[in-house]
Amino acid sequence: HYIETLLKPLIDQMQQIITQELYKQDTPEKPRFTNWLCDLIQAIGTFSKGFSASPEKFSTSSKHFTVSLQLILNVLHALPNHPLLKSKAMTFMHRMMQCLGSAIFSYLPTIISVFMVDCGVPDLISFIILINQLLSTFKEKVGDVMDKLLLPLITQIFQIFTVTKSLTPNSEEDREILDLKRYYYQLLNTIVTHNLASVLISPTNVGQFNEVLQTLLDGCRYYEDPIIQKLSFGILRRLVLLWGGTNIQFTKFVVDVVVRVAFEVPWNTRFNLSDGSTLNILLVEICILIIDIYTKCGTPFCDYLRNNFLPSLNCSQDFINGYMTILVGQPKAPRLLRDHLKTYLQQIRGNT
């Protein structure tokens, strides 16, 4: 009963503002009812922090939270361009994933549609964070939802990347785009980490897959941000573990393109061999990727590295012999591979 006592007045007030369209009385100087809606959404969201989708609490609270959710979606339909309202509603959606559990699934198409309307960069970042929470919480259960969402979402992200290529470095807009890039790569990482990589090559999304792969290659070369580089190499590594050696077309892409990038990046003088995190995190990730490619592709890959690829980089025979010995050795030793590579790169940089 206490839930109804506390929530019903808030829900009734929201219902009244929406049904009677009181928000239309607002002016830019006095947005009374819109601000009131923001306060009501925040109040219900704050109250919901005491609940989760456990069977005991779910039965008593879910009715009021689902009514609130539907009302807030109506609010967003009525007022799609109000930044504060969107922000409060987004926070509320995060809470509802915890409170309603899988009962939120039937609302997801509507939630997605209202938040994708007139989406600026900050809105898009908030939305990706919400989707990441959705994927992390429900994993394969939201595969169908993600299959439908992925194409419009990444299309919107790619459009923003295209039109913002010439931004002033370190401007506010430039920092926003960097944040968006990080969240984009985190989204891809969440997809492949939670057994949803199949949505990337589903009939709905396969047409965009080459462009997604290109963004991963671009991310590997994004020296301005080692976080993006590590995420990109890590995502490629997970895809190698899934499809390497079995999918002929993808395996060819890995051997012809990914391997070249995995060596090109540390060879580049912008790759900081003096930075601990670059060596201990990024270079190790690259070495694990090469080990995993060998694991999936076997002896032909070793022969290609030894006889074709490494000689094409003008590597010394001593380096090639040492590298291949570590690569095929047991147990797998990515840090030994890193140390061997680091020593060699320091030598050739010292000689130039």
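A crossing of two helices is left-handed if the near helix is turned anticlockwise from the far one by less than a right angle, and right-handed if clockwise. Keep that in mind for the tour.

Before you click, note that this is a predicted model, where local features need pLDDT of at least 70 and side-chain atom pairs count only at pLDDT 80 or more, while totals for chains, interfaces and linings use all residues. Residues are numbered from 1 along each chain as its sequence is written, and side-chain values use heavy atoms, with hydrogens and water left out.

**Stop 1**

Select Glu-21, in the loop between helix H1 (2–19) and helix H2 (32–47). Most residues other than glycine have a negative phi. Glu-21 is not a glycine, yet its phi is positive, about 50°.

**Stop 2: H7 and H8**

Now select residues 143–163 for H7 and 172–193 for H8. Their axes (lines fitted to C-alpha atoms over the stretch in contact, with angles from 0 to 180 degrees between N-to-C directions) cross at roughly 155° and come within 11 Å. H7 and H8 are therefore roughly antiparallel (over 145 degrees). Which hand does the crossing of H7 and H8 have? H7 passes H8 in a left-handed crossing.

Show the side chains in contact, meaning heavy atoms within 4.5 Å.

**Stop 3**

Go on to H9 (residues 209–220) and H11 (residues 248–267), whose axes lie 10 Å apart at an angle of about 20°. That makes H9 roughly parallel to H11 (under 35 degrees). Their crossing is right-handed. H9 brings Leu-213, Leu-217 and Cys-220 to the contact, while H11 brings Phe-250, Phe-253, Val-257, Val-258, Val-261 and Val-265. By class, that gives 9 nonpolar, no polar and no charged residues.

Stay here for the second largest pocket, with a volume of about 300 Å³. (A pocket is an open set of points on a 1 Å grid over the protein atoms alone, where a 1.4 Å probe fits, with protein on both sides within 12 Å along at least five of seven lines; lining residues have an atom within 4 Å of a point. The volume is the space filled by probe spheres set on the points, which are joined across faces, edges and corners.) Its lining includes Ile-201, Phe-209, Leu-213, Trp-243 and Phe-253. H9 gives the most, with 5 residues. The lining has 8 nonpolar, 4 polar and no charged residues.

**Stop 4: H13 and H14**

Select 299–312 for H13 and 317–328 for H14: the angle is about 155°, and the axes are 11 Å apart. H13 and H14 are therefore roughly antiparallel to each other, with a right-handed crossing. Among the residues that meet are Cys-302 and Arg-306 in H13, and Phe-319 and Asn-321 in H14.

**Stop 5: a cis bond**

Finish at Pro-331, in the loop between H14 and helix H15 (334–350). Most peptide bonds are trans. The one that joins Gln-330 and Pro-331 is cis, with omega about -5°.

Note on methods. Helices (H or I, at least four residues) and strands (E, at least two) are DSSP runs, numbered from the N terminus. Angles under 35 degrees count as roughly parallel, over 145 as roughly antiparallel, 65 to 115 as roughly perpendicular and the rest as oblique. Ala, Val, Leu, Ile, Met, Phe, Trp, Tyr, Cys and Pro count as nonpolar, Asp, Glu, Lys and Arg as charged, and the others, Gly among them, as polar.
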